[in-house]
Amino acid sequence: MTVKAVLIDIDNTILDFDKCSEEAIKQSAEHFGITLPENYFEVFSECNDKLWHLLEEGIITKQDIYDRRWVEIFKRLGVDADGIAFDSMFREKIREIAIPVKGAEELLKYLSGKYPVYCASNASRERQEHRLSSCAFNKYISGIFTSEDIGFQKPAKEFFFACASALYPVKPSEILMIGDSVNADIIGAKNFGLKTIWFNFRNETYDNYNFTDYTVNNLGEIKNIV
């Protein structure tokens, strides 16, 4: 596989969004004096994933996520609290938390020694840059593409067009996208002609694997591909 540049997702690819979120939720709950039931993180994951999928499909905006996420979660949990205020605190807390995915630093060091590596994220540029700097991953990164700068969310073709245009004269077929989201990272990149590696850390099963060039279950496997 000919590769001349790498795009890599951030959350749940090189930074463990689940662990970061869990810690941010605990700190936010402590701040507001809220006791959450045991199933809070399962409900959070379901609601958060649903809303981000709607964002990727262009049905809602990022502000809609902030306004709806914890309102819906608290309703499902039966918790009487201000969901919008909690979401604001949650985002403030998660900005300061950067827990790497196992093997992420080794992978970034390896990739950046061979290719320019760029992050591609639907999250806030300021927050992601701050988190990458906090865990010293920024030294491996040549730049970052965010949906707020481009004006389109992954998996929109416009997002990947902007990335490819910035990396010209590297061809789309010479760009590798690595990420955990089948829809946003992999199918979006593949539809624009990029090479793809799906980081299937949850060991999910799909009937059709034609949507990606390669699948790995841990980041260390990528060294055997590129």
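Reply:
**Helix packing**

Helix 3 passes helix 4 in a right-handed crossing, a crossing being right-handed if the near helix is turned clockwise from the far one by less than a right angle, and left-handed if anticlockwise. This is a predicted model, in which local features need pLDDT of at least 70 and side-chain atom pairs count only at pLDDT 80 or more, while totals for chains, interfaces and linings use all residues. Residues are numbered from 1 along each chain as its sequence is written, and side-chain values use heavy atoms, without hydrogens or water.

The axes of helix 3 (residues 62-77) and helix 4 are 7 Å apart, at an angle of about 115°. Helices (H or I, at least four residues) and strands (E, at least two) are DSSP runs numbered from the N terminus; axes are lines fitted to C-alpha atoms, for helices over the stretch in contact, and angles run from 0 to 180 degrees between N-to-C directions. Helix 3 and helix 4 are therefore roughly perpendicular (65 to 115 degrees; under 35 is roughly parallel, over 145 roughly antiparallel, the rest oblique). In contact (heavy atoms within 4.5 Å) are Ile65, Tyr66, Asp67, Arg69, Trp70, Val71 and Phe74 of helix 3 with Gly83, Ile84, Phe86, Asp87, Phe90 and Arg91 of helix 4. By class, these comprise 8 nonpolar, 1 polar and 4 charged residues (Ala, Val, Leu, Ile, Met, Phe, Trp, Tyr, Cys and Pro count as nonpolar, Asp, Glu, Lys and Arg as charged, the others, Gly among them, as polar).

Helix 4 (residues 83-94) also packs with helix 1 (residues 17-32), at about 125° and with the axes 8 Å apart. This pair is therefore oblique, and the crossing is again right-handed. The contact of helix 1 with helix 4 has 11 nonpolar, 4 polar and 1 charged residues.

Asp11 has 16% relative accessibility and so counts as buried (under 20% relative accessible area, with exposed over 50% and partly exposed in between, for a 1.4 Å probe and protein chains only). Among the residues that Asp11 touches are Phe17, Ala123 and Asp180. The side chains of Asp11 and Arg131 make a polar contact at 2.9 Å (a pair of N or O atoms within 3.5 Å; within protein, one must be able to donate a hydrogen and the other to accept it, and residues adjacent in sequence count only if both atoms are side-chain atoms).

How values were computed:
Lists of a residue's contacts leave out its neighbours within four places in sequence.
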